[in-house]
Amino acid sequence: NDFSGLKIDTRGTYSKRNGHWGFLPSLIAYGVVWGGNSPTYKAIRTFDGSSFPNATRIGEGIYRINFPTSWSALNIGISTAYVMLTGIGFSIIEGGSNSPIKATFKQWVTNGFDVWLSDDSTANDGDFAFELKWLG
């Protein structure tokens, strides 16, 4: 079939759709975090079926995603992986808000990463989605 297929070689994994080749990103995990004082995962999936520890609220608008302890030997960090983020809906502010939430990668930490959320120049709580992917 000239319109679809898969190809694996030493440079990576590729998919062909509608006659055009593209490479596949290598997802480690993805999920949705409902923010606030006690953040929870709405949905999460990992490459090996591991469960994630709870997300942690570090401060207003700052959240930590902790990896499963079984991943410590994977050395996930700045030289091996990257994180894609997007805010979901609006900031969580007393009295409500019509300001869309933005999610920004803050930093790698030991066995995890931190996320900043905001609707302007200050941090605000909210919901976000993430994708953790291998580089290369």
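Student: Which residues have the most contacts inside the largest nonpolar core?

Tutor: They are F52, I65, W71, F128, F130 and L132, in a core of 21 residues. Five strands, β4 (27-34), β7 (62-66), β8 (81-92), β10 (112-118) and β11 (125-134), each supply at least two residues of this core. The model is predicted: local features need pLDDT of at least 70, side-chain atom pairs count only at pLDDT 80 or more, and totals for chains, interfaces and linings use all residues. Residues are numbered from 1 along each chain as its sequence is written, and side-chain values use heavy atoms, with hydrogens and water left out.

Student: What makes a set of residues a nonpolar core?

Tutor: The set must consist of buried Ala, Val, Leu, Ile, Met, Phe, Trp, Tyr and Cys residues joined through side-chain atoms within 4.5 Å. Buried means under 20% relative accessible area, exposed means over 50%, and partly exposed lies in between (1.4 Å probe, protein chains only). In soluble globular proteins, nonpolar side chains tend to be buried together.

Student: Which residues does I65 contact, leaving aside its neighbours within four places in sequence?

Tutor: I65 is in contact with V33, Y41, F52, A55, N111, G112, F113, F128 and F130. Contact here means heavy atoms within 4.5 Å.

Student: Why is A129 called buried?

Tutor: Its relative accessible area is 18%, and therefore A129 counts as buried, the limit being under 20%. A129 is found in strand β11. Beyond four places in sequence, A129 is in contact with G31, V32, M84, L85, T86 and I88. A129 and G36, 93 residues apart in sequence, are 14 Å apart in space, C-alpha to C-alpha.

Student: Why does S15 count as buried?

Tutor: S15 has 14% relative accessibility, so it counts as buried. S15 lies in strand β2, and its contacts, neighbours within four places set aside, are G5, L6, H20, W21, G22 and L24.

Student: Why is I93 called partly exposed?

Tutor: The relative accessible area of I93 is 35%, so I93 is partly exposed, a value to be set against the limits of 20% and 50%. I93 is found in the loop between β8 and β9 (102-109). Not counting residues up to four places away in sequence, I93 touches D119 and N124. I93 and N124 are 31 residues apart in sequence and 7.4 Å apart in space, C-alpha to C-alpha.

Student: How do you know that β1 and β2 pair, and which way do they run?

Tutor: Two strands pair if DSSP finds at least two bridges between them. Six bridges join β1 (residues 4-9) to β2 (residues 12-17), and the two run antiparallel. S4 stands opposite R17 in β2, and a hairpin joins β1 to β2 through two residues.

Student: How many helices and strands does the chain have?

Tutor: The chain has zero helices and 11 strands. Helices (H or I, at least four residues) and strands (E, at least two) are DSSP runs, numbered from the N terminus.

Student: What share of the chain counts as buried?

Tutor: Of the 136 residues, 36% count as buried. Among contacts between residues at least 6 apart in sequence, 51% join residues at least 24 apart. The C-alpha atoms fill a box of roughly 55 × 35 × 25 Å, taken along the principal axes.
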